[in-house]
Amino acid sequence: MPVSLIEVYNLLPRTNCKRCGTVCMGFAARLIAKEARPEDCPLLLEPEYSDNLRKLHEIIPATEKELTGLMIDDDRCTGCGICIVVCEENRLMNEEVLYGKGGRYEDELVLGIEEGKVRLLNANRCKRAFKPPEFCRACVDHCPAGAIDLVTP
Ligand code: SF4
Ligand code: SF4
Ligand code: SF4
């Protein structure tokens with residue numbers, strides 16, 4: 001179900017201070033349109049709003065692209081699985097991956113193949129989505145088809 005403007009608005013500090021560049025209702029609309037992040041409202045970073053911030057992240061989850069910067073081009077991906085093997089996080093949690101097998105702990109796999117195409121199965125396990133993020137572009141650099149790219153360097 002799409003998130004409602006009022007639901008988001010009710011989680012904002014509602015001071016209309018315009019420190020985000022607009023009033024709270026305008027900011028709510030920008031959050032839903034993914035034109036702003038909750039952290040762009042400085043008041044939400046204060047301890048008294050930590051629950052609101054957490055709820056906003058729950059109802060407007062970051063997309064995989066936002067979390068990792070990785071973009072997969074289905075038209076180019078051949079499903080060869082090279083990116084899955086070179087991903088250190090995949091290998092650390094599932095040593096079967098090293099031998100070209102499916103991972104034992106699927107909920108720990110970052111990348112996996114579904115219907116012949118690679119999928120970002122658990123974006124939050126990608127090093128790039130760690131808090132703080134770690135630099136990694138192994139899957140991008142090793143893809144022979146140029147099917148993975150980054151929106152951020
Ligand atoms: S900075 Fe926060 S409290 Fe101030 S207007 Fe924007 S959303 Fe509302
Ligand atoms: S993204 Fe590239 S390396 Fe990964 S499965 Fe597709 S073609 Fe192979
Ligand atoms: S960027 Fe690194 S950690 Fe993230 S999916 Fe690619 S290889 Fe794995």
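Begin by colouring domain 1 (5-61) and domain 2 (65-150), the two parts into which the protein is divided; these bounds come from an automatic or database domain assignment. The C-alpha centres of domain 1 and domain 2 are 32 Å apart. The model is predicted, and local features need pLDDT of at least 70, side-chain atom pairs count only at pLDDT 80 or more, while totals for chains, interfaces and linings use all residues. Residues are numbered from 1 along each chain as its sequence is written, chains are lettered from A and ligands numbered from 1 in the order in which they are written, and side-chain values use heavy atoms, with hydrogens and water left out.

Select ligand 1 and display the 14 residues around it, of which Thr-15, Cys-17, Cys-20, Cys-24 and Cys-41 come nearest. A residue is near a molecule or strand here if one of its heavy atoms lies within 4 Å of it. The shell around ligand 1 divides into nine nonpolar, three polar and two charged residues. In this classification Ala, Val, Leu, Ile, Met, Phe, Trp, Tyr, Cys and Pro are nonpolar, Asp, Glu, Lys and Arg are charged, and the others, Gly among them, are polar.

Next select Lys-18, in the loop between α1 (5-10) and α2 (24-32). Helices (H or I, at least four residues) and strands (E, at least two) are DSSP runs, numbered from the N terminus. Although Lys-18 is not a glycine, its phi is positive, at about 65 degrees. Is Lys-18 buried or exposed? With a relative accessible area of 54%, Lys-18 is exposed; buried means under 20% relative accessible area, exposed over 50%, and partly exposed in between (1.4 Å probe, protein chains only).

Continue to Pro-42, in the loop between α2 and α3 (50-59). Pro-42 counts as partly exposed, at 26% relative accessibility.

Now centre on ligand 2. It is surrounded by 13 residues, the closest being Cys-77, Cys-80, Gly-81, Cys-83 and Cys-143. The shell around ligand 2 contains 10 nonpolar, three polar and no charged residues.

Move to ligand 3, whose surrounding residues include Leu-70, Cys-87, Val-110, Leu-111 and Cys-126. How many residues of each class form the shell around ligand 3? There are eight nonpolar, no polar and two charged residues in the shell around ligand 3.

**The nonpolar cores**

Select Leu-70, Cys-83, Leu-111 and Cys-139, which touch the most other members of the largest nonpolar core, a set of 19 residues. Such a core is a set of buried Ala, Val, Leu, Ile, Met, Phe, Trp, Tyr and Cys residues joined through side-chain atoms within 4.5 Å. Two or more residues of this core come from each of α5 (82-86), β3, α7 (138-142) and β4 (148-150). A second, separate core has 16 residues, among them Ala-28, Cys-41, Leu-53 and Leu-56.

Return to Cys-83 and show its surroundings. Neighbours within four places in sequence aside, Cys-83 is in contact (heavy atoms within 4.5 Å) with Leu-111, Val-118, Cys-139 and Ile-148.

Select strand β2 (residues 111-114) and strand β3 (residues 117-120), which run antiparallel and are joined by four bridges; two strands pair if DSSP finds at least two bridges between them. Ile-113 has Val-118 of β3 as its bridge partner, and Glu-114 stands opposite Lys-117.

In a regular strand the side chains alternate between the two faces of the sheet. Which residues of β3 lie on its covered face, and which on the uncovered one? Val-118 and Leu-120 form the covered face of β3, and Lys-117 and Arg-119 the uncovered one.

Glu-115, in the loop between β2 and β3, has a positive phi of about 50 degrees although it is not a glycine. Glu-115 counts as exposed, at 83% relative accessibility.

**Last stops**

Select Glu-88 in helix α6 (residues 88-93). Glu-88 is partly exposed, with a relative accessible area of 35%.

Finish at Pro-132, in the loop between β3 and α7. The peptide bond from Lys-131 to Pro-132 is cis, with omega near 0 degrees.
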